[in-house]
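Subject: Handover of a structure for your study

Dear colleague,

Please find below the structure that I am handing over to you.

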Amino acid sequence: MERPRVLLVEDDSGVRRSIQLVLHARGYDVRAFSSGALALADPASISAACLVTDYRMAGMDGLELLRGLRAAGWLQPAILITGHSADFVAASEDRDRFADILEKPLLDHRLLACVDRATGRA
């Protein structure tokens, strides 16, 4: 059985590795990157069933990454993780671009529930 691919973009290596391990243990194939530019440069990114991305990153933020993926024809759900208030992000005009917004520190069960919904496993 093929494992759904999750595209993970997080500039903090510890957070990225933690999320990668949690998703992998749940049965996901995780492609993890430290920047949006690296994710966009990988042709396999377009085959991801779901995006999990940090909001604030150096160079390219999560919204810019999502715009780049959409421009390349990727239409799957995206989950935004942020160290900023989720209320602030949810109130922004870009809120509807993301299936879910999660605040750091992440709770594993909430992240998994969001990814499961986004990939149709829920």
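**Overall architecture**

The protein has 5 helices and 5 strands. Helices (H or I, at least four residues) and strands (E, at least two) are runs assigned by DSSP and numbered from the N terminus. Along the sequence they follow the pattern β-α-β-α-β-α-β-α-β-α.

Please note that this is a predicted model: local features need pLDDT of at least 70, and side-chain atom pairs count only at pLDDT 80 or more, while totals for chains, interfaces and linings use all residues. Residues are numbered from 1 along each chain as its sequence is written, and side-chain values use heavy atoms, with hydrogens and water left out.

Of the 122 residues in the protein, 44% are buried. Here, buried means under 20% relative accessible area, exposed means over 50%, and partly exposed lies in between (1.4 Å probe, protein chains only). A contact means heavy atoms within 4.5 Å. Among the contacts in the protein with a separation of 6 or more, 62% are between residues 24 or more positions apart.

**Strand β1 and its partners**

Strand β1 is mostly covered, since 4 of its 5 residues are buried. Two strands are said to pair if DSSP finds at least two bridges between them. Strands β1 and β2 (residues 29–33) run parallel and are joined by 5 bridges.

In β3, L51 is the bridge partner of L7.

**Helix α3**

Which residues of helix α3 (residues 62–71) are buried? They are G62, L63, L65, L66 and L69. Seen down the axis of α3, these buried residues fall within an arc of 160°, so they line one face of the helix. The arc is that of the directions from the helix axis to the C-beta atoms.

D61 caps the N-terminal end of α3, with a side-chain oxygen 3.0 Å from the backbone nitrogen of L63. Such a polar contact is a pair of N or O atoms within 3.5 Å; within protein, one must be able to donate a hydrogen and the other to accept it, and residues adjacent in sequence count only if both atoms are side-chain atoms. Just after α3, G73 takes a positive phi of about 100°.

**The nonpolar cores**

A nonpolar core is a set of buried Ala, Val, Leu, Ile, Met, Phe, Trp, Tyr and Cys residues joined through side-chain atoms within 4.5 Å. In the largest one, which has 18 residues, L7, V9, L51, L65 and F98 touch the most other members. The elements giving two or more residues to this core are β1, α3 and β4, and α3 gives the most, with 4 residues. Apart from this core lies another, of 17 residues, among them V6, I19, V22 and A118.

Leaving aside its neighbours within four places in sequence, L51 is in contact with L7, V9, L65, L66, L69, W74, P77, A78 and I79.

**Three further residues**

V15 is in helix α1 and is partly exposed, with a relative accessible area of 26%. The C-alpha atoms of V15 and P105 are separated by 9.1 Å, although the two residues are 90 residues apart along the chain. P105 is in the loop between β5 (100–103) and α5 (108–119). The peptide bond from K104 to P105 is cis, with omega near 0°.

A32 is found in strand β2 and, at 27% relative accessibility, counts as partly exposed. Leaving aside its neighbours within four places in sequence, A32 is in contact with L8, R16 and Q20.

Yours sincerely
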